[in-house]
Amino acid sequence: MGIFSRIGDVLKANINDMIDRAEDPEKMVKQIILDLQKDVRTSTEALGKAMASQRIAERQHEQAVRTAAGWESKAKAALAAGDTEMAKKALSYKVKADADVESTAQMLETITTQTEAVRDQVEALKAKLDEAKSRQAMLIARSQMAKTQKNLAQSMGGVDASAALDKFNRMEEKIERQEAEAAAFAEIAGGSSDMKSFEELENDMKVDAELQRLMAEMNGGQTAVSDTEGGTL
């Protein structure tokens, strides 16, 4: 009867308490389902054997009843024939058959009671299994959600929001400096082009002045003028 004790323990177990104590509730829930399924199979097999014993006891009882009735019928027939001794002999067998009827009736009653008890336990266990299956998806979903919330909380707890914001601000300042430097270089590049034009103009003026000086020296000190109407004089 060890299986019935196990079934009783399973039926009395508080699934929520088991889950609370489990390191991994999801695995524990699945294991509970597997254990219950195994117990259902085992108890169903036991019920099948009990029912088989009940049918055998029923046949034995029915046979004992038929045997007793047969000997009584024979006793009546002997009496009807006027054979008292034969009637008494038949009745002696009937007495033994009646004893078998009583013993098989008691055995049948005992086995029937036990079989019904096993049947009730199997039905209760099946109901517990159905309940566990219906709650399995919900419990696993709740466990996964709890893990997600826990991991998120741990991740948020490990982040220094102020430090992260300071880094962000420093990166923004660095980018702003880079932008300012780029703008400055662009401005310098544009200004150097203008500066080059001024330097070239100044250089041209110096060249013209030197030209005028040399021409004046070659003309005896007189300043040469551009021949706008026909050449230099």
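A residue is called buried when its relative accessible area is under 20%. By that rule, buried residues make up 19% of the 233 residues in this protein. The model is a predicted one.

Start with the overall plan. The protein has 5 helices and 0 strands. Along the sequence, the pattern reads α-α-α-α-α. Now look at the contacts between residues at least 6 apart in sequence. Of these, 74% join residues at least 24 apart. The accessible surface comes to about 17,200 Å². Carbon and sulfur atoms account for 56% of that surface.

Helix α3 covers residues 25-80, and Ile-32 sits in it. Ile-32 counts as buried because its relative accessibility is 9%, under the 20% cut-off. Lys-133 is 101 residues away from Ile-32 in sequence. In space, the two are 9.6 Å apart, C-alpha to C-alpha.

Next comes helix α4, residues 84-157, which holds Lys-94. Is this lysine buried or exposed? Lys-94 is at 16% relative accessibility, so it counts as buried. Leaving aside residues up to four places away in sequence, Lys-94 touches Ala-68, Trp-71 and Glu-72.

Turn to the charged pairs. The whole structure contains 7 salt bridges. One of them joins the side chains of Glu-72 and Lys-76, at 3.8 Å from N to O. These two residues are 4 apart in helix α3, so about one helical turn separates them. Glu-72 is partly exposed at 32%, while Lys-76 is exposed at 54%.

Glu-116 bridges to Arg-119, with the closest N and O atoms 3.5 Å apart.

In helix α5, Arg-213 and Glu-217 are 4 residues apart, or about one helical turn. Their salt bridge brings the closest N and O atoms to 3.0 Å. Arg-213 is partly exposed at 38%. Glu-217 is exposed at 52%. Elsewhere, salt bridges that share partners link Glu-72, Lys-76, Lys-94 and Asp-98 into one network.

Finish on the surface. Glu-172, Glu-173, Glu-176 and Glu-179 gather there in a patch of negative charge. Glu-172 belongs to helix α5, residues 161-218. Its relative accessible area is 40%, so Glu-172 is partly exposed. That value passes the patch requirement of over 30%.

Note on methods
Residues are numbered from 1 along each chain as its sequence is written. This is a predicted model: local features need pLDDT of at least 70, side-chain atom pairs count only at pLDDT 80 or more; totals for chains, interfaces and linings use all residues. Side-chain values use heavy atoms; hydrogens and water are left out. Patches are made of residues with over 30% relative accessible area and no salt bridge: like charges are joined within 9 Å, nonpolar side chains (Val, Leu, Ile, Met, Phe, Trp, Tyr) within 5 Å. Accessible areas come from the Shrake-Rupley method with a 1.4 Å probe; for residues, only the protein chains shown count as cover. A salt bridge is a side-chain nitrogen of Lys or Arg within 4 Å of a carboxyl oxygen of Asp or Glu. Lys and Arg count as positive and Asp and Glu as negative; His and the chain ends are not counted. The place of a charge is taken as NZ of Lys, CZ of Arg, CG of Asp or CD of Glu. Buried means under 20% relative accessible area, exposed over 50%, partly exposed in between (1.4 Å probe, protein chains only). Contact means heavy atoms within 4.5 Å.
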